[in-house]
Every structure is written in C-alpha cells, then in structure tokens.
Amino acid sequence: MVRAGVALIGISYDSQEVLRDFAAAKAIDFPLLSDVGSRVITELGLLDRELEAHHAAFGIKTSAHQQGVAYPAVFVLDESGTVSQKRIQENYRAREGARQLLEAVTHGATLARSGNQQELGAAHVKVRAYTDSDYYVRWEKTRLHVEVEIEPGWHVYGRPIPNGYTSLAVEINAEEGLVAGEPEYPPVRPFRVEGLDEEFNVYEGRLHLLIPFAVNVAAETGARTLRVSISWQACSDSECLMPAMHLIEIVLEEAAPG
Amino acid sequence: MKVNGTDMTQIGPAVGAAFPDIELPDAGGQPISLHAWRAGRRALVVFYRSAKW
C-alpha cells in the first residue's frame, strides 16, 4: 500500500502457489500470508463455522474447499499493535467477497480485472464488462462492473430523460436463481440543446456502473452465464445516432474445489 | 449483533486488545512475523476467504 505509514497485509487459507498466482494476476504489492490448514485463523477465532450451518439450513452440502475459510474481517492496528477498529461482515447473506473487501481497504488501487471480461466497441462508445470474480459462490452478493468510455465530443443520455429518447441503461436479464439489484449509475450532467425547451441529462467521458447480483440456487449448478443488456443513445453537438442496444454475455464458474 | 446465534462482535481479537503476534509464510515462502514486519507502523490486517474463489 502506497499510503504513507500504513502497512497492509492479507491472510487466507490459500497455498503459497495460489497466492503467487493471485498476486501476479492482480498486481498486488503487499504481503499475502498463507495459512494452510487454517491454524492461525482458528487460533484467532476467525474460522467460519457458519458457512456450513447456513448451507445445512438450506439443505446444501458444504464443499470441501469451503471448509477452513476465515470470516472476511479487517483489523486496524495502531502504532503499538493494538486493535483500534474492527470490521466483520454482519449479515451472512450480504457477506462480501474477497475482492470487495480488498477493494475497501486498498480503494481499488491494486485490483485488475478478472478473466471473464467482455469488451464491446460501438460507434463513439466502448463498453467493458466484468464481474468481481470469475467465480460465483452460491447465495453470495457479488457485482457486475460496466465501464463505458464515450469519445470526446460525444455524450449519451442519462435519466431523467424526455419521452422518445433513450437513456443509458444496463440490466442483468432475469433468470431463475439469478437475483440482481438496482444498478448504481453515476451522477448526470444537465445539458441544454439550442432551440429545444426540454432539459436533458447526459454522461460524458468514462463511467463505471455497478450492478449487485447473486446466484441463489439450492444445489451446485456449475457455470452460469450472465446476460447483460445495455442500451444508450449517443449524440454529438450536431447529430444523434439511433439508439444502441447490445447484449453482453459473461460466464462465471461455480467456486472451484481447492 | 447476532447472526444465526453467533455474536459477531466477539469474533476475533477485540478492539482495545493487542493483536497477537502471528507468524506465517508469505506467497514466496518467507516467514513473516506480523509485528516485526509492521515495524511500528499502523496496519490493516485483512482476512479474506480465498484468493481463488
């Protein structure tokens, strides 16, 4: 962590090999400690016994690789090594994935994209979509990221929008066992068109949209495909293109055996 | 705050307590002792489920 004076360290039950691959893939520049066998995790009282109990309540068998994991938790230590703050996920259902937790403490600085990224190049607009992880864990909230890059001199409409115009919209297509939350859109900029009474709101430049989702199914179902609809209407100062509508597919594997 | 009967505030080292000095290998196999490595700096110790899933 580049921040002056604060040291950052990550701990999980992963093997050194898994950590080496992860650190290389995500360009992580702080130590990742390997607690194979979960000895320290257990000694500190951070062994997640709830995963098994939670699954059992739903008639789900916990996979072998899901045993021995730690509760996602962050401890802030002061200069003397005393715990000054502590953050542990309260609601099991809303439990953060590894990536979200690391993001919270590194402010996204060291995280690169996961492998299932999809890119789309359209007229004056580029879209990049990916998820927090290539894997999903049943019943766990994770996120779809949609990055939109709009060519300088062009903008796309945002909401609220007058009738007849198409605003930027991203939606995960509904499917059984797939639960999606409301997308988080960035703030729009008001925009006045010469000679028109209506008020428009637009986006320009680079945008980053987030859509939370979870795969809520009782049994192991293997790989899932997220079908994401994205639409917009791009305009410059002098012209508007027809509304664009695209479908992006992103494949997620079910969390792999350790 | 209880989740399924577990009081989450009781999990792990408590606020106000000294964080235990733990020693574990890093990804390259080098043993790291937390407090020695920290060398008097403030620190964030992040436990996360897995780097793989």
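**Close-up 1. The contact between chain B and chain A.** In this predicted model, 39 residues of chain B are in contact with 58 residues of chain A, two residues being in contact if their C-beta atoms, placed from the backbone, lie within 7 Å. The elements of chain B that give two or more residues to this side are β3 (23-25), α1 (34-38) and β5 (42-47); helices (H or I, at least four residues) and strands (E, at least two) are DSSP runs, numbered from the N terminus. β5(B) supplies the largest share, six residues. By class, the side of chain B that touches chain A holds 25 nonpolar, eight polar and six charged residues. Ala, Val, Leu, Ile, Met, Phe, Trp, Tyr, Cys and Pro count as nonpolar, Asp, Glu, Lys and Arg as charged, and the others, Gly among them, as polar.

**Close-up 2. Strand pairing between the chains.** Strand β3 (residues 73-77) of chain A and β5(B) run antiparallel and are joined by five bridges; strands pair if DSSP finds at least two bridges between them. Ala73(A) has Phe47(B) of β5(B) as its bridge partner.

**Close-up 3. Helix α1 of chain A.** Within α1 (residues 16-25) of chain A, Val18(A), Leu19(A) and Ala23(A) are buried (20 or more other C-beta atoms within 10 Å of the residue's own; exposed, 12 or fewer; C-beta atoms placed from the backbone). Seen down the axis of α1(A), the buried residues fall within an arc of 130°, so they line one face of the helix; the arc is that of the directions from the helix axis to the C-beta atoms. β2 (32-34) of chain A is included in what covers these buried residues. Exposed Glu17(A) and Ala24(A) lie on the face of α1(A) turned away from its buried side. Ala27(A), with a positive phi near 50°, follows α1(A).

**Notes.** Residues are numbered from 1 along each chain as its sequence is written, and chains are lettered from A and ligands numbered from 1 in the order in which they are written. As the model is predicted, local features need pLDDT of at least 70 and side-chain atom pairs count only at pLDDT 80 or more, while totals for chains, interfaces and linings use all residues.
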